[in-house]
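Trainee: Could you show me how to read strands in a model? I'd like the general idea, then the case at hand.

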Amino acid sequence: MRSISKIEDITPDIARREFMAWMSASSLLALTGCNVSFETNSKRMINKAAKAKNVFDLAKVAEHTMGEESFAYLEGGADDLLTVQANMDAYKELEIRARRLVDVRNINTNLKLFDQNLSTPILLAPVGLQAFFHKDGEIASVKAASKLDHQMVVSTVSNYSVGEIAKAGGKEVWFQLYPTADRNITKGVIKRAEDAGCSVLFLTVDTPVLGNREQHSDTLNRLLESGELPLGNYEGIRIDEPITDPSMTWDMVKWLKDNSSMKVVLKGIVTHEDAKLCLKNGVEGVVVSNHGGRQLESNRATIDCLPEVVDAIKGSIPVLIDGGIRRGTDVFKALALGADAVCIGRPFCYGLGAFGQEGVEKALTLLQAEFVLAMQLAGTVSLAKISREYLT
Ligand SMILES: Cc1cc2nc3c(=O)[nH]c(=O)nc-3n(C[C@H](O)[C@H](O)[C@H](O)COP(=O)(O)O)c2cc1C
C-alpha cells in the first residue's frame, strides 16, 4: 500500500496536467472551435486534503493510497458497472431553473428527520468494511461526521462495533441491518444497535442475495470468511451464516416492529408498488437506492426512480435517496424531485481512503459548500423552498 508521503513521487507531470486542465476550462480553447469536453473528474493529484477542490480530487488520491484491491471493492458494482454509471449520469440530464433577485445571504439547510434535528440533508450512507480503506475505518468517519454535524448510518458489517462508533462520535448514529436467516443472530445485532443508542434502523431490502460483483466478490468472500477484518457487530454472536436472507418478505417489517423499538426505514425501494406496500406495512421511511449499482444491473438510475416513489408516498413518511451523488447540484436536484435528504456512499470513502478523518471532513465540507452555493445561485434559502419548479 502506498503512503501519502509517496504521492509526490507519482506526480511528475502535475504542472502539465494542471495546465491542460486550465486550458480545457479556458475560453481560449472554446474560441478555437474545439469540441471541449470539460473534465470535472480531475486528473490532479493533491497531497493534502485541504487542496481538494471536489470529491474527484479525493478519489484520485484514494486510488493510489488504498491499493488496487480495496479501491476495486469501493468502486465496484454489478456486472458491467452500467448502473453505477447511470446513477451519476442521470443527474447530468436534469437542468436547474434558477430564480433571480432573491436575498440569498442567509441559507438554512436545517431539517427534522425521524424526530431528530439535523443541520444538513447530506447523510453518510452505510458502507461496510471501512477499515479496508483506512485503518481508522468507521471511527474516522464518525468523528468527521459528528464534527461537521452530518448524520451517519452504520453498516451491519462495520469493522468497529456500532457501540464503539457511537461512542467515538459522541452522538447518535443510525443503524443499517442485513438480517441473517437465523433471526437469533439478527436479534443479537439489533440489541447492539439499541444499546448503542440508535433510534432508526435501515433495513436493506435490495440484497436477498449478493449481486454479481466481478471486480471484488473474491476479495469480499475472503475478507468475510477469513476474519482478516473483524466485524464489530458480530463479535461473540456470529456463527457461520451468510449475511443475506433470500427468504425475507414483508413479514420482516412486522418482525422488526415486534423485536425492536427503532423506527424502521426500508433501504432499496425503487418502485411505486413497493412504496405503497411500505405505507401499508407501517414502514416509517424509505431510501430510494440500488445499493450504488452493486446489486441488480438494471441501468435504472435512482434519481429516475425517485418521482414515482415520492408520488406514491405523498408526504406521509420521509423519502431519502442515494446513488451517484457527487456534487452539491446533485443534492439540490434530488431535493427538488421530492427527497427529504440524501445519503452519500463512495464520496466520503474517497476522503477516508485518501486522508483518513481529515479526508472525510473535506468530502463533507465540499459537498455541503457546493450544495449551499447551488441553493444561493438557484434562489432558494431553505430546504422547504426547493421544489420541482426548480428543474426543467
Ligand atoms: C464499498 C461499499 C460498501 C457498501 N456497504 C453497504 C452495506 O454494508 N450496507 C448497505 O445497506 N449498503 C452498502 N452500500 C451501499 C451504500 O449504502 C449506498 O447505497 C451507495 O453507496 C450509494 O451510492 P454512491 O456510492 O454512489 O453514493 C455500500 C456501498 C459501497 C460503495
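This is a predicted model: local features need pLDDT of at least 70, side-chain atom pairs count only at pLDDT 80 or more; totals for chains, interfaces and linings use all residues.

Trainee: In what sense do β6 and strand β7 pair, and over how many bridges?

Mentor: Strands are DSSP runs of E, at least two residues, and helices are runs of H or I, at least four, both numbered from the N terminus. Two strands pair if DSSP finds at least two bridges between them. Here β6 and β7 (residues 263–269) are parallel, with five bridges. Strand β5 (residues 174–177) also pairs with β6 in the parallel sense, over three bridges, and Q176 sits opposite F202.

Trainee: How does the chain cross from β5 to β6?

Mentor: Through helix α8 (residues 183–195), as a right-handed β-α-β crossover. Right-handed means that, with the strands pointing away from the viewer, the path from the first strand over the helix to the second runs clockwise.

Trainee: Are the residues of β6 buried or exposed?

Mentor: A residue is buried if 20 or more other C-beta atoms lie within 10 Å of its own, exposed if 12 or fewer, and partly exposed in between; C-beta atoms are placed from the backbone. In β6 (residues 200–204), five of the five residues are buried, so the strand is largely enclosed by the rest of the structure. V200, F202 and T204 cover one side, L201 and L203 the other.

Note on methods:
Residues are numbered from 1 along each chain as its sequence is written.
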